[in-house]
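Biologist: I am new to this structure. Could you walk me through it, one question at a time?

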Amino acid sequence: YDGAVKEYTACLVLDSEGVNGIGEKKIGGRLNAVLHCNRAAAYMALSKYRDAISDCSAALLIYPRYMKAMLRRCRCYVRLNRFEEALTNYEHYIRLVQQARKSRSSAEYSNDISCNFDSPHDVRDSDLDAARNELSEVKRAKLKVERNAKTKNAEDERRQKWYNSSFGDNVNNDAQRRRQQWYNQENDTSRRWDSFNGSAPNRNTRSKSEQPRPKSEREEESRQSCIHSDRCSNVNYHYKILDVAETGSEADIKKAYHKAALKYHPDKNKDAKAADMFRLVKQEYDV
C-alpha cells in the first residue's frame with residue numbers, strides 16, 4: 001500500500017500539470033478524481049484515515065456526486081469516531097440514491113453530465129443496504145459513546161462532590177467553627193489544652209527502673225560482673241567473693257564461707273541472682 005500511495009501521488013502530479021489552481025486546491029478532471037479516490041483506499045488500508053478523508057474530499061470537490069468517494073469518507077469518519085460527520089455523510093449518500101431512483105427522468109439528473117461514473121444512478125441495491133446497515137451501526141455507536149460519557153460525567157461529579165464535602169473550604173470552616181466553640185464554652189473550668197488536667201507529671205521524678213539501688217545490690221552485681229572478667233583469674237578474687245582478708249586463717253575462711261552460704265541460700269534469699277551467688281561461693285570456697 002505504501003507503493004500504491006507513491007504511484008498514485010506521482011500520477012496526480014503528472015495529471016495536475018498545466019491545471020490552474022483554485023486557492024490551494026487544484027481542480028482536474030475525471031482521472032484526477034479517480035486517482036484521489038484510489039489513493040484514499042490505499043490510505044485506509046494503512047489506517048491513515050485523515051489522509052484518506054482529504055483525498056475523498058478532493059475527489060468530491062471535482063465531482064460532488066462521486067458516490068464511491070463519499071462512502072469511503074463516511075467509513076473514515078467512523079474509524080476516527082467522528083460520528084456526527086459520519087451520520088451527515090451517510091444520510092446524504094442515502095438521500096442522493098433515493099432521489100436518483102425516484103427522479104430518473106428529471107432535468108436535475110438527466111442534464112447532470114458532471115459525473116457520468118459512480119453516480120447515484122450507479123449505486124447497487126447491495127451497496128445501498130450496506131450503507132443503511134452502517135448508518136444504523138453508527139447511530140448505535142454514537143449512542144453508546146454518549147451514554148458512556150454521561151456515566152463518566154456523573155461519576156466525576158459524584159467524586160468531586162465527595163471531595164468538596166470531605167476536604168473543601170466549607171468543611172475546614174465548619175471544623176474551625178466547632179473547634180472554636182468547643183474552646184469557648186461558658187462556665188467550663190476544665191483546662192482543655194492541658195492533657196493532664198492541671199496535674200502534669202514531675203519532670204524531676206524517676207521511674208522505678210531509674211531509682212538508685214541499694215549498696216548491697218550494687219555490690220552483688222559487681223561481683224557477678226567479675227565472673228567472666230580478667231579479674232577472675234586473680235587470687236584476690238576468691239577472697240573477695242568470700243569477703244575475707246587474704247591473711248585470714250583457715251578458720252576465718254570457713255567462717256566467711258558459712259556466712260556467705262547462709263546469706264545466698266535459695267531457701268533464705270528469694271532474689272533471682274541468689275542461686276548463682278550461692279554456687280559461686282561454694283566454688284570459690286573449694287578453691
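Biologist: What share of the residues in the protein chain is buried?
Modeller: This is a predicted model, where local features need pLDDT of at least 70, side-chain atom pairs count only at pLDDT 80 or more, and totals for chains, interfaces and linings use all residues. Residues are numbered from 1 along each chain as its sequence is written, and side-chain values use heavy atoms, with hydrogens and water left out. Buried means under 20% relative accessible area, exposed over 50%, and partly exposed in between, with a 1.4 Å probe and protein chains only. Of the 287 residues in the protein chain, the buried share is 28%.

Biologist: How many helices and strands are there in the protein chain?
Modeller: Helices (H or I, at least four residues) and strands (E, at least two) are DSSP runs, numbered from the N terminus. From that end, the order is α-β-β-α-α-α-α-α-α-α-α-α-α-α. The count is twelve helices and two strands.

Biologist: How do H2 and H3 run relative to each other, roughly parallel or roughly antiparallel?
Modeller: Axes are lines fitted to C-alpha atoms, for helices over the stretch in contact, and angles run from 0 to 180 degrees between N-to-C directions. The axes of H2 (residues 30-45) and H3 (residues 49-62) come within 8 Å and cross at roughly 165°. Angles under 35 degrees count as roughly parallel, over 145 as roughly antiparallel, 65 to 115 as roughly perpendicular and the rest as oblique. So H2 and H3 are roughly antiparallel.

Biologist: Which residues does Leu-35 touch, leaving out those up to four places away in sequence?
Modeller: Leu-35 lies in helix H2 and is buried, with a relative accessible area of 8%. Its C-alpha atom is separated by 8.2 Å from that of Ala-59, 24 residues apart along the chain. Contact means heavy atoms within 4.5 Å. The residues touched by Leu-35 are Tyr-8, Cys-11, Leu-12 and Asp-15.

Biologist: The structure holds one aromatic pair. Are the rings of Tyr-257 and Tyr-285 stacked or edge-to-face?
Modeller: Tyr-257 sits in helix H11 (residues 250-264) and Tyr-285 in helix H12 (residues 274-286), 28 residues apart. Rings of Phe, Tyr and Trp (its six-membered ring) pair if their centres lie within 6.5 Å; planes under 30 degrees apart count as stacked, over 60 as edge-to-face and the rest as tilted. Here the centres are 4.1 Å apart and the planes at 15°, so the pair is stacked.

Biologist: Which relative accessible area does Tyr-285 have?
Modeller: Tyr-257 is buried, at 12%. Tyr-285 is partly exposed, with a relative accessible area of 29%.
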